[in-house]
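Please open the model in your viewer and keep the selection tool at hand.

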Amino acid sequence: MKKNTAYTIGSLIILLICAFCFVALPAFTGKEQNQGNLPAFGKYNGREIRYEQGSDFYNFVSQYGQMFQSRGQQIDSSTYYYIFNYAFNSTVSKYAYTDAVKKSGYEVPKAAVNREMLPYFYDENGKYSSKLYKQTPEATVAEIRRGVEDSLVTSRFYDDNFGSDDDMVGSEALYGIKESASEVAFLKGYNTNKRGFNMAAFAIADYPEEEKLAFAKENAAKFTKYDLSLITVADKSTAETVAKRLSNNEITFADAVSEYSTKNFSNTDGKITSSYQYQVENIIVNKDDIAVISDLAIDALSPAIETISGYTIFKADSAPVKADFSDEEIMKTVSSYITNYEKTRVEDYFKAKATDFTNAALKSDFDSACASFGITKQTIAPFPLNFGSVDISTSVDTSVKGLSYADSNENFLKTAFSLNLNDYSAPIVLNDNIIVLQYTTSETAAEGEGPYADSSLESYDASAAQNFVLSSDKLENNFSKVYFSNFMN
C-alpha cells in the first residue's frame, strides 16, 4: 500500500477536527436526526452497519467527505447521498475482506503495527520523535494502534488479491494473484492493431415508394378493411351459450357485449379496434377462419372462432372495403406493415443495392461509386477489436452515422477484422442500415502503447470484488430506505 503522507500529532488533530466538522455539521435538507436514533443501514454477515461515532461507516463518511471538500466540490444534499453510498459500500467491502483474512488464520504482527505507527509521531524533519510519542495521551495511541491494525488486516486481503506496487522483488510484485505469460502478452497487444475503413450505408427508411406499392398490390387482401363488432369470452362453452341465446333472440348483441365480452379486441361498444385484414388474422388462431369472417353477410354472426384470448363471435356491420392504394393514409398503413412484418424483404432489397455498389466500386473506386449511388462516404477512424468498448482500450466511434451499437455487434466486428487490406465486405445488416465496408488503413502501435500499464486496468479486479460482495446473500442492504427516510424531505 502506498504511504505518501506522514502524519504528525498536529496534523492528526487537524484531521480529526475536519472529520468532526464534516460529520457533526452536515448540511442536510430534511429531518434532523440524532445518530443514536438512526436504524441500521444494513447488515453484513450479521454485523450491523450503523452511522454512529467511531463506527467504520461513520469513519468512511468522514473520509469521503474530506475527499470531496479537498477537491473543492460543493457539499449539498445530492453530494451527501453519494458520500454516504460510497461509505456504505466501503464498509461492506471492509467487513467482507476482514472476515476472509480472519478465516485464513492470519494475525497482524506487532512489529508491522509498530512500523506503520511511526509516521504518526514524526517531527517537523520527518523523523520519529519519542518525545511526541510520550506526550500523546495513551487513549490516542491506543486508538491509532487499533486503526493501524484494522487497516493492516484489510490491506492483507487487498494486497494478496490485487497486488501492491510498494512490495517488489526485483521486477516482480511480491503480492497479488500472478498472471500467466499468455495473459500479459494478450493485454500488452490489446490496443496495438487497429483498422480503419470507408463505409457506405443504405438506410432501410429509404425503401422506395414504388417498392411499397408493388408489395401492396401483391398483397391487396391484407389491407381490406372490415366493419365488425365482437363478443369475446374466455372459453368455447360460454361462446356457444352466447351464440345460442343470440340466435334464439333471447338477448341483443349490444346486451351480450355488455354482459359477456371481455372486450380484448374491441372498444366498450364491441366495435373492433384493429380492422385491417392482416390485423384480424393476427387475433385468430386458425388463419383459414378469415374466410368465414370475410364471407359474412351484413348483420350475420359467425360461429365461435378461437382467438388468441379465448373465443370470439364476429358480427358484420357492413361490407368489407378493399384498399385504395392511391389513398395516402392507406399507403402509410402499408409502410407500417412492411416495417413491422416484412423487414427481411427490405433488407434483401438493400443487400442487392449494396452488392451493386461494391461491384461499381471495384470497377472504379469507392468515391465514384458513392457519387453514382447518391451515398455519402463515411470514414471510420482506426480502432482495435474491442467488443463492448471495454474502457482499457479505444473502440469504434459509434457516433459515426450508421454505427450505433456497432461496438457490440458481433457480425460487424467479425466481418471488419476478417477482411484483407483494401477488400470490400459483403453487405452487413447493422441496426436500420445495410452497410458496406472497405478496409483502408492498418495501424500497428508499439507494444508499450497498449493498455497493460494503464492504472484503470488494475482497478478491474477490485471493482469486480466489491460488486461481488455487494450482491452477496450475506448482505442485508437497507441503505436507500434508511437514508431517504431520515435525511431527505
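A residue counts as buried under 20% relative accessible area, as exposed over 50%, and as partly exposed in between. With these limits in mind, select Glu218 in this predicted model: its relative accessibility is 55%, so Glu218 counts as exposed.

**Salt bridges**

The structure contains 18 salt bridges. Arg345 is partly exposed, at a relative accessible area of 27%.

Next, select Lys343 and Asp432, whose closest N and O atoms are 3.2 Å apart in a salt bridge. Lys343 is in helix H14, while Asp432 is in the loop between strand E10 (428-430) and strand E11 (433-444), so that distant parts of the chain, 89 residues apart, are linked. Lys343 is partly exposed at 32% relative accessibility, and Asp432 is partly exposed at 46%.

Now move to Lys377 and Asp367, a salt bridge with its closest N and O atoms 2.9 Å apart. Lys377 is found in the loop between helix H15 (366-373) and strand E9 (378-383), and Asp367 in helix H15. Both residues count as partly exposed, Lys377 at 33% relative accessibility and Asp367 at 44%.

Then select Asp227, Lys271, Asp299, Lys315 and Asp317 together: salt bridges that share partners join these residues into one network.

**Aromatic rings**

How many aromatic pairs does the structure hold? There are 45. Select Tyr81 and Tyr483, one of these pairs: the ring centres are 5.4 Å apart and the planes stand at 75 degrees, so the arrangement is edge-to-face. Tyr81 in helix H3 (residues 77-104) and Tyr483 in helix H18 (residues 479-487) are 402 residues apart.

Continue to Phe223 and Tyr337, an edge-to-face pair with centres 5.6 Å apart and planes at 85 degrees. Phe223 lies in the loop between H8 and strand E6 (225-233), and Tyr337 lies in helix H13 (residues 328-341). Phe223 is buried at 1% relative accessibility, and Tyr337 is buried at 6%.

Finally, select Arg47 and Tyr95: Arg47 lies over the face of Tyr95, 3.9 Å from the ring centre.

Methods
Residues are numbered from 1 along each chain as its sequence is written. This is a predicted model: local features need pLDDT of at least 70, side-chain atom pairs count only at pLDDT 80 or more; totals for chains, interfaces and linings use all residues. Side-chain values use heavy atoms; hydrogens and water are left out. A salt bridge is a side-chain nitrogen of Lys or Arg within 4 Å of a carboxyl oxygen of Asp or Glu. Buried means under 20% relative accessible area, exposed over 50%, partly exposed in between (1.4 Å probe, protein chains only). Helices (H or I, at least four residues) and strands (E, at least two) are DSSP runs, numbered from the N terminus. Rings of Phe, Tyr and Trp (its six-membered ring) pair if their centres lie within 6.5 Å; planes under 30 degrees apart count as stacked, over 60 as edge-to-face and the rest as tilted. A charge sits over a ring if NZ of Lys or CZ of Arg is within 6 Å of the ring centre and within 35 degrees of the ring normal.
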